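Dear colleague,

Please find below the structure that I am handing over to you, together with its sequence. My notes on its pockets and on one strand pairing follow.

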Amino acid sequence: PPISTQRDIINEIENIEAEYIDYQKDIKQYQNKIDELMSFLDSLAATSQIVFSLSDKNLFSIDIGKRVVAKELVYNGNIPVYSANVYEPFGYIDKLLISDFSLPSILWGIDGDWMTSYMPENVTFYPTDHCGVLRCLTNDVHPRYMAHLLETEGKKIGFSRNLRASIDRIEGIKISVPSIENQEKIISQVIELEQRISETQIKIDSMSGKTAEILSKYLS
(Lines give C-alpha, C1' and ligand atoms only; values in the text may rest on other atoms or scores of the structure.)
Protein backbone atom coordinates (compact mmCIF):
# COMPACT_ATOMS: atom_id res chain seq x y z
CA PRO A 1 0.00 0.00 0.00
CA PRO A 2 1.05 3.65 -0.23
CA ILE A 3 3.45 4.83 2.46
CA SER A 4 0.72 6.96 4.05
CA THR A 5 -1.43 3.85 4.50
CA GLN A 6 1.55 1.95 5.90
CA ARG A 7 2.02 4.71 8.49
CA ASP A 8 -1.66 4.58 9.44
CA ILE A 9 -1.47 0.81 9.90
CA ILE A 10 1.67 1.02 12.02
CA ASN A 11 0.22 3.79 14.18
CA GLU A 12 -2.91 1.81 14.97
CA ILE A 13 -0.97 -1.37 15.70
CA GLU A 14 1.44 0.49 17.97
CA ASN A 15 -1.50 1.95 19.87
CA ILE A 16 -2.85 -1.56 20.47
CA GLU A 17 0.57 -2.79 21.59
CA ALA A 18 0.93 0.13 24.02
CA GLU A 19 -2.53 -0.57 25.43
CA TYR A 20 -1.64 -4.25 25.86
CA ILE A 21 1.57 -3.36 27.73
CA ASP A 22 -0.36 -1.00 30.03
CA TYR A 23 -2.88 -3.71 30.86
CA GLN A 24 -0.07 -6.15 31.66
CA LYS A 25 1.53 -3.59 33.96
CA ASP A 26 -1.80 -3.07 35.72
CA ILE A 27 -2.17 -6.80 36.35
CA LYS A 28 1.37 -7.02 37.72
CA GLN A 29 0.73 -4.09 40.06
CA TYR A 30 -2.51 -5.62 41.30
CA GLN A 31 -0.80 -8.97 41.92
CA ASN A 32 2.10 -7.32 43.75
CA LYS A 33 -0.39 -5.55 46.00
CA ILE A 34 -2.18 -8.84 46.69
CA ASP A 35 1.15 -10.42 47.65
CA GLU A 36 1.86 -7.52 50.01
CA LEU A 37 -1.53 -7.83 51.68
CA MET A 38 -1.17 -11.59 52.14
CA SER A 39 2.33 -11.12 53.54
CA PHE A 40 0.94 -8.65 56.04
CA LEU A 41 -1.69 -11.17 57.16
CA ASP A 42 1.02 -13.83 57.44
CA SER A 43 3.06 -11.53 59.68
CA LEU A 44 0.04 -11.13 61.96
CA ALA A 45 -0.54 -14.89 61.94
CA ALA A 46 3.08 -15.54 62.94
CA THR A 47 2.47 -13.90 66.32
CA SER A 48 -1.09 -15.16 66.77
CA GLN A 49 -2.17 -17.63 69.43
CA ILE A 50 -5.05 -18.81 67.23
CA VAL A 51 -4.00 -22.24 65.92
CA PHE A 52 -6.16 -24.80 64.13
CA SER A 53 -5.56 -28.31 62.85
CA LEU A 54 -7.07 -29.24 59.50
CA SER A 55 -7.87 -32.63 61.00
CA ASP A 56 -10.59 -31.04 63.16
CA LYS A 57 -13.76 -32.14 61.38
CA ASN A 58 -15.82 -29.63 63.33
CA LEU A 59 -13.85 -26.81 61.74
CA PHE A 60 -12.93 -28.11 58.29
CA SER A 61 -14.44 -30.40 55.68
CA ILE A 62 -11.88 -32.28 53.60
CA ASP A 63 -12.94 -34.61 50.79
CA ILE A 64 -11.70 -36.15 47.58
CA GLY A 65 -13.53 -36.32 44.26
CA LYS A 66 -14.57 -39.31 42.18
CA ARG A 67 -12.93 -40.87 39.15
CA VAL A 68 -14.21 -39.58 35.81
CA VAL A 69 -13.71 -41.57 32.61
CA ALA A 70 -13.58 -39.97 29.18
CA LYS A 71 -17.00 -41.25 28.10
CA GLU A 72 -18.62 -39.33 30.96
CA LEU A 73 -17.43 -35.98 29.60
CA VAL A 74 -20.06 -34.02 27.70
CA TYR A 75 -19.19 -31.70 24.81
CA ASN A 76 -21.78 -29.10 25.78
CA GLY A 77 -21.81 -29.83 29.52
CA ASN A 78 -21.91 -26.89 31.90
CA ILE A 79 -20.20 -28.36 34.98
CA PRO A 80 -16.37 -28.01 34.81
CA VAL A 81 -14.36 -31.06 35.85
CA TYR A 82 -11.16 -30.47 37.83
CA SER A 83 -8.44 -33.03 38.34
CA ALA A 84 -4.81 -32.65 39.52
CA ASN A 85 -4.67 -29.39 37.53
CA VAL A 86 -7.05 -27.22 39.54
CA TYR A 87 -6.38 -24.13 37.43
CA GLU A 88 -8.08 -25.33 34.27
CA PRO A 89 -10.94 -27.85 33.82
CA PHE A 90 -9.99 -30.79 31.62
CA GLY A 91 -13.56 -31.20 30.46
CA TYR A 92 -17.22 -30.71 31.28
CA ILE A 93 -19.96 -32.94 32.60
CA ASP A 94 -23.73 -32.76 33.08
CA LYS A 95 -23.99 -34.11 36.63
CA LEU A 96 -22.87 -33.14 40.12
CA LEU A 97 -20.92 -35.00 42.77
CA ILE A 98 -21.35 -32.28 45.40
CA SER A 99 -24.91 -31.16 46.11
CA ASP A 100 -24.28 -28.09 48.27
CA PHE A 101 -22.18 -25.17 47.03
CA SER A 102 -23.28 -22.64 49.62
CA LEU A 103 -19.74 -22.55 51.05
CA PRO A 104 -16.58 -21.50 49.19
CA SER A 105 -14.24 -24.34 48.28
CA ILE A 106 -10.46 -24.65 48.12
CA LEU A 107 -9.27 -27.17 45.56
CA TRP A 108 -5.86 -28.81 45.51
CA GLY A 109 -4.19 -31.26 43.17
CA ILE A 110 -3.47 -34.51 45.00
CA ASP A 111 -0.81 -36.11 42.82
CA GLY A 112 0.46 -33.55 40.35
CA ASP A 113 2.50 -30.38 40.53
CA TRP A 114 1.41 -28.59 43.69
CA MET A 115 -1.37 -26.10 43.03
CA THR A 116 -4.47 -24.78 44.74
CA SER A 117 -7.43 -22.73 43.57
CA TYR A 118 -10.28 -20.88 45.23
CA MET A 119 -13.91 -21.36 44.27
CA PRO A 120 -16.40 -18.79 45.65
CA GLU A 121 -19.72 -19.97 47.01
CA ASN A 122 -22.40 -21.02 44.51
CA VAL A 123 -19.83 -21.89 41.82
CA THR A 124 -20.44 -25.47 40.72
CA PHE A 125 -17.71 -27.94 39.73
CA TYR A 126 -17.01 -31.67 39.66
CA PRO A 127 -13.80 -32.91 41.37
CA THR A 128 -12.10 -36.12 40.25
CA ASP A 129 -10.19 -38.54 42.48
CA HIS A 130 -7.06 -36.47 41.75
CA CYS A 131 -8.65 -33.34 43.25
CA GLY A 132 -9.20 -32.55 46.92
CA VAL A 133 -11.85 -30.18 48.26
CA LEU A 134 -11.42 -28.21 51.49
CA ARG A 135 -14.13 -26.10 53.11
CA CYS A 136 -14.06 -23.95 56.24
CA LEU A 137 -16.86 -24.78 58.68
CA THR A 138 -15.60 -22.25 61.20
CA ASN A 139 -16.18 -18.51 61.04
CA ASP A 140 -12.72 -17.86 62.48
CA VAL A 141 -10.90 -18.60 59.20
CA HIS A 142 -11.72 -16.70 56.02
CA PRO A 143 -11.93 -19.23 53.15
CA ARG A 144 -9.92 -17.01 50.78
CA TYR A 145 -7.14 -16.71 53.34
CA MET A 146 -7.35 -20.47 53.92
CA ALA A 147 -6.65 -20.97 50.22
CA HIS A 148 -3.50 -18.87 50.59
CA LEU A 149 -2.42 -20.77 53.72
CA LEU A 150 -2.94 -24.16 52.07
CA GLU A 151 -0.88 -23.15 49.05
CA THR A 152 1.89 -21.77 51.28
CA GLU A 153 1.99 -24.80 53.59
CA GLY A 154 1.96 -27.17 50.64
CA LYS A 155 5.02 -25.48 49.20
CA LYS A 156 6.80 -25.72 52.56
CA ILE A 157 6.03 -29.43 52.81
CA GLY A 158 7.09 -29.95 49.21
CA PHE A 159 3.99 -31.55 47.77
CA SER A 160 4.66 -32.66 44.20
CA ARG A 161 4.21 -35.56 41.83
CA ASN A 162 6.61 -37.51 44.04
CA LEU A 163 5.08 -36.43 47.35
CA ARG A 164 1.32 -36.77 47.03
CA ALA A 165 -0.90 -34.28 48.83
CA SER A 166 -3.06 -37.05 50.27
CA ILE A 167 -5.93 -36.32 52.64
CA ASP A 168 -3.89 -37.70 55.56
CA ARG A 169 -1.06 -35.27 54.82
CA ILE A 170 -3.44 -32.35 54.35
CA GLU A 171 -5.12 -33.16 57.67
CA GLY A 172 -1.70 -33.13 59.31
CA ILE A 173 -1.34 -29.40 58.58
CA LYS A 174 -1.74 -26.88 61.38
CA ILE A 175 -2.37 -23.21 60.68
CA SER A 176 -2.06 -20.00 62.64
CA VAL A 177 -4.38 -17.15 61.74
CA PRO A 178 -4.84 -13.54 62.84
CA SER A 179 -8.19 -12.34 64.16
CA ILE A 180 -11.11 -12.76 61.80
CA GLU A 181 -11.55 -8.98 61.84
CA ASN A 182 -8.08 -8.52 60.36
CA GLN A 183 -8.66 -11.34 57.89
CA GLU A 184 -11.91 -9.83 56.63
CA LYS A 185 -10.44 -6.35 56.36
CA ILE A 186 -7.46 -7.49 54.27
CA ILE A 187 -9.22 -10.16 52.22
CA SER A 188 -11.89 -7.67 51.14
CA GLN A 189 -9.09 -5.67 49.52
CA VAL A 190 -7.60 -8.83 47.98
CA ILE A 191 -10.95 -9.81 46.43
CA GLU A 192 -11.37 -6.32 44.99
CA LEU A 193 -7.91 -6.50 43.41
CA GLU A 194 -8.62 -9.97 42.02
CA GLN A 195 -11.77 -8.57 40.43
CA ARG A 196 -9.70 -5.84 38.80
CA ILE A 197 -7.32 -8.47 37.46
CA SER A 198 -10.24 -10.41 35.97
CA GLU A 199 -11.67 -7.27 34.36
CA THR A 200 -8.28 -6.32 32.93
CA GLN A 201 -7.72 -9.82 31.59
CA ILE A 202 -11.07 -9.63 29.80
CA LYS A 203 -9.86 -6.44 28.12
CA ILE A 204 -6.64 -8.19 27.07
CA ASP A 205 -8.57 -11.16 25.69
CA SER A 206 -10.82 -8.81 23.71
CA MET A 207 -7.75 -7.48 21.91
CA SER A 208 -7.20 -10.79 20.16
CA GLY A 209 -7.59 -10.35 16.42
CA LYS A 210 -7.45 -6.56 16.45
CA THR A 211 -4.27 -6.50 14.37
CA ALA A 212 -5.94 -8.63 11.74
CA GLU A 213 -8.93 -6.27 11.79
CA ILE A 214 -6.67 -3.29 11.17
CA LEU A 215 -4.94 -4.98 8.25
CA SER A 216 -8.27 -6.01 6.81
CA LYS A 217 -9.61 -2.46 7.12
CA TYR A 218 -6.74 -0.94 5.15
CA LEU A 219 -5.83 -3.73 2.75
CA SER A 220 -9.05 -5.47 1.79
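In the second largest pocket, α2 is the main contributor to the lining, supplying 5 residues. Please bear in mind that this is a predicted model. Two or more lining residues of that pocket also come from each of α1 and β9, the latter spanning residues 174-176. The space in the second largest pocket amounts to about 160 Å³. Among the residues that line this pocket are Asp 42, Tyr 145, Glu 153, Lys 156 and Lys 174. By class, its lining comprises 4 charged, 2 polar and 5 nonpolar residues.

The largest pocket has a volume of about 940 Å³. Its lining consists of 30 residues, of which Thr 116, Ser 117, Tyr 118, Arg 144 and Glu 194 are the closest to the centre. At least two lining residues are supplied by each of α1 (3-46), β3 (79-82), β6, α2 (143-157) and α4 (180-206). The lining of the largest pocket divides into 7 charged, 9 polar and 14 nonpolar residues.

A hairpin of 6 residues connects β5 to β6. Which residue of β6 is the bridge partner of Leu 107? The partner is Ser 117, a residue also listed among the closest to the centre of the largest pocket.

With kind regards

How values were computed
Residues numbered from 1 in each chain as written. Predicted model: local features only at pLDDT ≥ 70, side-chain atom pairs only at ≥ 80, totals over all residues. Heavy atoms only, no water. Pairing = 2+ DSSP bridges. Helix = DSSP H or I, 4+ residues; strand = E, 2+ residues; numbered from the N terminus. 1 Å grid on protein atoms, 1.4 Å probe; cavity = no way out; pocket = protein on both sides within 12 Å on 5 of 7 lines; lining within 4 Å. Points joined across faces, edges and corners; volume = space filled by probe spheres on them. Nonpolar A, V, L, I, M, F, W, Y, C, P; charged D, E, K, R; others polar.
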